[in-house]
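We will go from stop to stop, and each one tells you what to select.

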Amino acid sequence: MKSILIIGLGRFGQHLCRQMVERKNEVMVIDVKEDNVEAMMPIVTSAQIGDCTNVEVLKSIGVGNFDICFVCIGTNFQSSLEITSLLKENGAKYVVSKATRDIQAKFLLRNGADEVVYPDRDIAEKTAVRYSANHVFDYIEFNDEYSIFEIPVAGEWVGKSIKEVNFRAKYRISILGLKKGENTTLMPMADHEFDAGEHLMVIGKMDDLDKILKKFDDGKVKKKR
């Protein structure tokens, strides 16, 4: 459990707040708009209406007592920049600020942010990858080189074991887990036989993952119907 401060309760701030509370963190929220604060009051540890560009407001909160401070202001970059800087100047341990553009990220990092997140860009990128490919059910990017994809079982694999398919050597990607309905198996054994209703969670380089997805599209690896 961590102590979390969330400044700015737009859509991203509210979603972040709910997720942090669900994960049993102690969460304090603050926003200039009373309606936004009241919406979160039933679920958070504490809530306050205030303008965090005012250093006295931040001092009254005691920002150094929080494990992480999130600056979730998306519509007023000047305020986001000022608050990020003031948080660090007043003893914040770790500051995560929201950005919408690379130039914003550069300024935030130079003015005290320990980390910058791009929620809109990240969701758009994940959505584009998922829906651009015909056989991707989910997608997580580790870095520019490696990703995890959730893909179907090909018809030619059904009834064969992971060892028989020689998956790692043939496709140069590794199987992290198997999903069938509500059941998930992590790190399956080499003697596991593929089933038509399964999804595979595979990890590998983007180039190798793209090749296997292209095989689905070309019909060279047929999906079992």
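Start with Gln14. Outside the four places on either side of it in sequence, Gln14 touches Leu9, Asn36 and Met40. Gln14 is found in helix α1. Is Gln14 buried or exposed? Gln14 is buried, because its relative accessible area is 16% and the cut-off for buried is under 20%. Keep in mind that this is a predicted model.

Now select Lys24. Lys24 sits in the loop between α1 (11–22) and β2 (26–31). Lys24 is exposed, with a relative accessible area of 63%. Look at the backbone here too. Lys24 is not a glycine, yet it has a positive phi of about 70°.

**Zoom out**

Show the whole chain as a cartoon. How many helices and strands does the chain have? The secondary structure comes to 9 helices and 11 strands. The radius of gyration is 23 Å, well over the 17 Å that the globule rule gives for 225 residues, so the chain is more spread out than a compact globule. Along the principal axes, the C-alpha atoms fill a box of roughly 65 × 35 × 25 Å.

Next, colour by burial. Buried residues make up 42% of the 225 residues.

Contacts come next. Take those with a separation of 6 or more. Residues 24 or more positions apart account for 55% of them.

**The largest nonpolar core**

In soluble globular proteins, nonpolar side chains tend to be buried together. Here is a place to look for that. Select Phe149, Trp157, Phe167, Phe194, Leu200, Val202 and Ile212. The largest nonpolar core has 20 residues, and these are the ones that touch the most other members. Now highlight the elements around them. Those giving two or more residues to this core are β8 (146–152), α7 (162–165), α8 (167–171), β9 (174–180), β11 (199–205) and α9 (206–218). Which element gives the largest share of this core? The answer is α9, with 3 residues.

Then select Leu5, Ile7, Met28 and Ile61. They belong to a second, separate core, which has 18 residues.

**Along strand β11**

Go to Ile203, which lies in strand β11. Ile203 counts as buried, at 19% relative accessibility. Which residues does Ile203 touch, not counting residues up to four places away in sequence? They are Phe142, Ser147, Ile148, Ile173, Ser174 and Leu176. Now draw a distance line from Ile203 to Ala92. The two are 111 residues apart along the chain, and their C-alpha atoms are separated by 36 Å.

**A strand and a core residue**

Select Asp138 in strand β7 (residues 138–141). Asp138 is partly exposed, with a relative accessible area of 28%. Draw a line from Asp138 to Phe149, C-alpha to C-alpha. The two are 11 residues apart in sequence and 5.9 Å apart in space.

**Two loops**

Move to Asn166, in the loop between α7 and α8. Asn166 is partly exposed, with a relative accessible area of 44%. Asn166 is not a glycine, but it has a positive phi of about 60°.

Then pick Gly155. Its place is in the loop between β8 and α7. At 24% relative accessibility, Gly155 counts as partly exposed.

**Last stop: helix α4**

Finish with Ser80, in helix α4 (residues 77–89). Is Ser80 buried or exposed? Ser80 counts as buried, at 0% relative accessibility. Show its contacts. Leaving aside neighbours within four places in sequence, Ser80 is in contact with Val71, Ile73, Lys98 and Leu108.

Definitions and conventions:
Residues numbered from 1 in each chain as written. Predicted model: local features only at pLDDT ≥ 70, side-chain atom pairs only at ≥ 80, totals over all residues. Heavy atoms only, no water. Helix = DSSP H or I, 4+ residues; strand = E, 2+ residues; numbered from the N terminus. Rg over C-alpha atoms; globule rule 2.2 N^0.38 Å. Buried < 20%, exposed > 50% of the residue type's maximum accessible area, 1.4 Å probe, protein only. Contact = heavy atoms within 4.5 Å. Core = buried A, V, L, I, M, F, W, Y, C linked by side-chain atoms within 4.5 Å.
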